[in-house]
Amino acid sequence: MSKIICVAGKMAAGKNTACKLLEKRGWVSIDADLLGHKAAAENEEKIIAAFAPYAKAKAIDITGTDGHLNRRALGTLLFSDKKLLAEHESIVYPAIEKAVRTVIEQNKSKNIVINAAVLYKIPGLMRMCSLIIFIDAPPVLRLLRAGSRDKMKFALIMRRFIAQKNMLSSYKLTGVPILRINNSSSVKKLEEKILGAGL
């Protein structure tokens, strides 16, 4: 019988790497973050109209020189205000849920892993998962990875770290079993831990 699981974890913990390792074993990986970007693009005008006044008040330009949404600038605004973040989520999360359900429907006979930082915020999808693999790593290591990978300013990375501080607790509240994996070593070690979980 096919499985549906969630791979979660804080910024730069190694979610993407874990999902790639599962893909090697035949799992279908659904990247909820990429679907979120797509949903944001499809709702670009609505998002700009909703958040431009707040961005202007904080001297943040959420549109690029081409007039399109600047996601990084929008992130700077949203991660500084929980109410604005929730408003943005109310726009994009329904679209993400619809897209994920479509992929699941198209791959009924296959094992599916949903790669998502905050899937607990979409209860309908969370209820479909039989397991949460929570990838973790020490904050200093995650900071080095994020700085190298994303070329983001230290202050912005720390803002996102702070916004994610209660992530594991939020997943525990879902009632879905959690397997916590520490990813502070090599990819090979991470693969061994995933294999050891019988996935």
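Student: Which residue of β4 stands opposite I5?
Tutor: In general, strands of a sheet pair through backbone hydrogen bonds, either parallel or antiparallel. Here I5 faces L131 of β4. β1 and β4 (residues 131–136) run parallel, joined by 5 bridges. Two strands count as paired if DSSP finds at least two bridges between them. Strands (E, at least two residues) and helices (H or I, at least four) are DSSP runs, numbered from the N terminus.

Tutor: One note on the source. This is a predicted model: local features need pLDDT of at least 70, side-chain atom pairs count only at pLDDT 80 or more, and totals for chains, interfaces and linings use all residues. Residues are numbered from 1 along each chain as its sequence is written, and side-chain values use heavy atoms, with hydrogens and water left out.

Student: What is the strand order of the open sheet?
Tutor: The order is β2-β3-β1-β4-β5, 5 strands with parallel pairing. β2 (28–31) and β5 (178–182) are the edge strands, each pairing on one side only.

Student: And what about phi?
Tutor: Most residues other than glycine have a negative phi. A12 has a positive phi of about 65°. A12 sits in the loop between β1 (4–9) and α1 (15–24). A59 also has a positive phi, near 60°, in the loop between α3 (44–57) and α4 (71–78).

Student: Is A12 buried or exposed?
Tutor: A12 is buried, at 8% relative accessible area. A59 is exposed, at 74%. Buried means under 20%, exposed over 50%, partly exposed in between (1.4 Å probe, protein chains only).
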